[in-house]
Amino acid sequence: VTPFGMRKDESYLPYVEVEVIESLFDRGYNTYGYNKYGLDKNGFDVFGFDEDGYDKDNCNYFFRGPHHMRFYFFIQQQLYMASPELLLNIKRICPPVTPLPDWWLVQNWMTIDVQETVTVIRRIEQKW
């Protein structure tokens, strides 16, 4: 049932005034960009999901099925059981984190001595 009281077979619930609903969609979409089915022009509802429950990235709550949680906990278990040496040898697929620019450090850290601030932050970056 849509937010406007219409079923999938295009029949309305008994309490719905059909004339009022039809007047809201004189050009196919209401003021907020949704049709009488509660979908926007791309076929997604107000929460970003289509009629099958998938979002624009083809993901649902369980990311393509109810097995997500089972896989998640299995992977988590394997990571806890793995040795640190094995984990350190995993190939990085993302670019490495770059150091913060000096202007960002000076702008966002409230200090009087600019050079000391930069030195302290660079030391923290090296540690991590």
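Asn42 sits in the loop between H1 and H2. In this predicted model, Asn42 counts as exposed, because its relative accessibility of 55% is over the 50% cut-off. Along the sequence Asn42 and Lys56 are 14 residues apart, and in space their C-alpha atoms are 9.1 Å apart.

Asn30 belongs to the loop between helix H1 (18-24) and H2 as well. Is Asn30 buried or exposed? Asn30 is buried, because a relative accessible area of 15% falls under the limit of 20%. From Asn30 to Asp40 there are 10 residues in sequence and 9.5 Å in space, C-alpha to C-alpha.

**Overall make-up**

The chain contains five helices and zero strands. Read from the N terminus, the order of the elements is α-α-α-α-α. Of the 128 residues in the chain, 17% are buried. The accessible surface of the chain is about 11300 Å², and carbon and sulfur atoms account for 61% of that surface. Among the contacts in the chain with a separation of 6 or more, 17% join residues 24 or more positions apart.

The average pLDDT of the chain is 76, and 84% of the residues score at least 70. Among the elements, helix H3 (residues 84-88) has the highest mean pLDDT, 86, while helix H4 (residues 102-108) has the lowest, 70. Where pLDDT is low, the predicted coordinates should not be read in detail.

**The nonpolar patch and the aromatic pair**

Which residues make the nonpolar surface patch of about 590 Å²? The patch is made by Phe71, Phe74, Ile75, Leu79, Leu87 and Ile90. Helix H2 (residues 68-81) supplies the largest share of the patch, with four residues. Leu87, another member of the patch, lies in helix H3. Leu87 counts as partly exposed, because its relative accessibility of 34% lies between the cut-offs of 20% and 50%.

The structure also holds one aromatic pair. Tyr72 and Phe73 form this pair in an edge-to-face arrangement, with 5.1 Å from centre to centre and 75° between the planes. The pair counts as edge-to-face because the angle of 75° is over 60 degrees. Tyr72 is partly exposed at 41% relative accessibility, and Phe73 is partly exposed with a relative accessible area of 45%.

**A link between separate parts of the sequence**

Glu125 is part of helix H5 (residues 114-127). Which residues does Glu125 touch, not counting residues up to four places away in sequence? With those neighbours left out, Glu125 touches Pro99 and Leu100. Glu125 and Pro99 are 26 residues apart along the chain, and their C-alpha atoms are separated by 7.1 Å. Glu125 is partly exposed, because its relative accessible area of 26% is between the limits of 20% and 50%.

**C-alpha separations**

The table gathers the residue pairs described above.

| Pair | Apart in sequence | C-alpha to C-alpha |
|---|---|---|
| Asn30 and Asp40 | 10 residues | 9.5 Å |
| Asn42 and Lys56 | 14 residues | 9.1 Å |
| Glu125 and Pro99 | 26 residues | 7.1 Å |

Definitions and conventions:
Residues numbered from 1 in each chain as written. Predicted model: local features only at pLDDT ≥ 70, side-chain atom pairs only at ≥ 80, totals over all residues. Heavy atoms only, no water. pLDDT = per-residue confidence, 0-100. Helix = DSSP H or I, 4+ residues; strand = E, 2+ residues; numbered from the N terminus. Patch = residues over 30% accessible without salt bridge, like charges linked within 9 Å, V, L, I, M, F, W, Y side chains within 5 Å. Areas by Shrake-Rupley, 256 points an atom, 1.4 Å probe, with all protein chains shown as cover. Salt bridge = Lys/Arg side-chain N within 4 Å of Asp/Glu carboxyl O. Buried < 20%, exposed > 50% of the residue type's maximum accessible area, 1.4 Å probe, protein only. Phe/Tyr/Trp six-rings, centres within 6.5 Å; stacked < 30°, edge-to-face > 60°. Contact = heavy atoms within 4.5 Å.
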